[in-house]
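This briefing concerns the structure shown below.

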Amino acid sequence: MVTPTSSPSAPKELTTALAQHFARNQRWGFVWALWTAILWGAWYVPGTALWFEHPFADIPADAQALRLAATAVMTWVHAIAVFVFLMLWNGVLGKVKDYGRTIVRFKKISKWYALASLCGGPMAIFGSYMAMGFVGPVFAAVTSLFYPVIGAMVARLWYHEKISGRAAIGMAVIIFGGIVIYGPGLFGEVGKEANPMAWLGYLGGAMSAIGWGTEGAVAARAMDVSDPDVGIQCRFTFEIFFWGLIILPILALFTDLPILTLIKDTILEPQAMIWIFLAASCHAYCYTSWYKSFSLIGVARGEAIGNLYAIFALIFIAAFTLQFPQWYFIVGLILTVSGSFIMFSEPAASIEHLRDHSSSEKRA
Amino acid sequence: MKLHQKGFLLVHLNLSESLWDHEIIAATLNEYELQGAYWENHIRVSLDELAAGGLITRLEEKLVKQHGQAILQFRYQVSPFGKTRIVDAGLED
């Protein structure tokens, strides 16, 4: 226990200590957000490799329903593996009991994590796969880049998160950098041919941006009264529940899709399970970092720095596949890094209060 | 079942007009039968998060020497928004 053992220090020392305190919090917030981007980028390697293993490699590219069913199965097994890694994390941190105490308060607290899992799971992931399947992977990547805009807007309108002019400029520069990286590829995808189902892809793109953007804002709503490490485990508990007890049983019962066979083949395929566990280890700690950053620097900044995954994904893919990005990657890299520095250059005191509660009594 | 730790911090602080962080830390360690620097720091981070979210406000700060190191301490109070969130989140049910 800490107890005061001497008289208060001189005001100058106090001012310096306060400045250091807020600078440390700001630095940790950005460090967590940067880890989000690194691990999210790393996730693309095992996440993509998984599609080259049985049973997923056997699914024809034009079998859209079967691919979506495979995605659902893959996401469920992946969520279970993420849960295992999160249990390990919270076990080491001594927070497993707090997880139990938090998740049982469903009506007032953990319901927000359930909603966050719906936004980030079925809505965003399915939306992203729809965008990939019906328009193209570049389009899916570009639409996802806009999720911080949605997150910032929801956080601003819902619980009045403060977004300074500098943070907004930094966010815009990061998003523009992402568009420079992926955007040129769009010309080869969008409007290339008269695809009557393309609207499903555009709808999916919107779903992914809205889903991931909203997830951050919704989760932050519960995280103001609960622990982020515990919150992310609650979120994945609900995701396992939604896929495993609602969506997959409905698909198995009311469609001809081979859900049980897909589950069995996935679990019994060691190569697929290795990729799933590698992807889950990245995803578990990527999400943990993401949630932790929200508490320290806010949803808008956390999501914008998290958007640097666009850079790290290409770096990791180049490192593992020797497929090097186009020259304009460098321009995008300069822009996204500049945007990050613009955000980080905000005065540390600006993150002392993340929300504007000047008339908080009127709000719920 | 006990409240989760962040909920306890809010409710305990709300019982008083204001408290210094070392008082909140002592009460929390006692409530959850914990000890050590790791948990003290963990509670301080939670208090920082609550303050950043606007649920508690810092009324005063001071530097104290502990084991030869200067430690920054804060006196906290639950804000009007924090009181609203205590009710919303059912922490006093």
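Two residues count as in contact if their C-beta atoms, placed from the backbone, lie within 7 Å. On that basis, 37 residues of chain A are in contact with 39 residues of chain B. This is a predicted model, in which local features need pLDDT of at least 70 and side-chain atom pairs count only at pLDDT 80 or more, while totals for chains, interfaces and linings use all residues. Residues are numbered from 1 along each chain as its sequence is written, and chains are lettered from A and ligands numbered from 1 in the order in which they are written.

**Interface, chain B side**
- Helices (H or I, at least four residues) and strands (E, at least two) are DSSP runs, numbered from the N terminus.
- The elements giving two or more residues to the side that touches chain A are H1 (5–14), H2 (21–31), H3 (37–52), S2 (56–66), S3 (69–78) and H4 (80–88) of chain B.
- S2(B) gives the most, with six residues.
- By class, this side of chain B has 17 nonpolar (Ala, Val, Leu, Ile, Met, Phe, Trp, Tyr, Cys and Pro), ten charged (Asp, Glu, Lys and Arg) and twelve polar residues (the others, Gly among them).

**Confidence in chain A**
- The pLDDT, the predictor's confidence in each residue from 0 to 100, averages 86 in chain A, and 93% of the residues score at least 70.
- Helix H3(A) (residues 96–103) has the highest mean, 97, and helix H5(A) (residues 137–144) the lowest, 77.
- Residues 1–7 of chain A stay under 50, and the model has 17 contacts for them beyond four places in sequence.
- Residues 360–364 of chain A are also below 50, with nine contacts beyond near neighbours in sequence.
- Where pLDDT is low, the predicted coordinates should not be read in detail.

**Helices of chain A**
- Helix H12(A) (residues 299–306) is largely enclosed by the rest of the structure, because eight of its eight residues are buried (20 or more other C-beta atoms within 10 Å of the residue's own, C-beta atoms being placed from the backbone).
- Helix H6(A) (residues 147–159) has buried residues including Tyr147(A), Pro148(A) and Tyr159(A), and their cover includes H5, H7 (165–186), H8 (198–223) and H12 of chain A.
- His160(A), with a positive phi near 55°, follows H6(A).
- The contact between H5(A) and H7(A) involves, among others, Phe139(A) of H5(A) and Tyr182(A) of H7(A).
- The residues of that contact comprise seven nonpolar, two polar and no charged.

Conventions: Buried ≥ 20, exposed ≤ 12 C-beta atoms within 10 Å, placed from the backbone.
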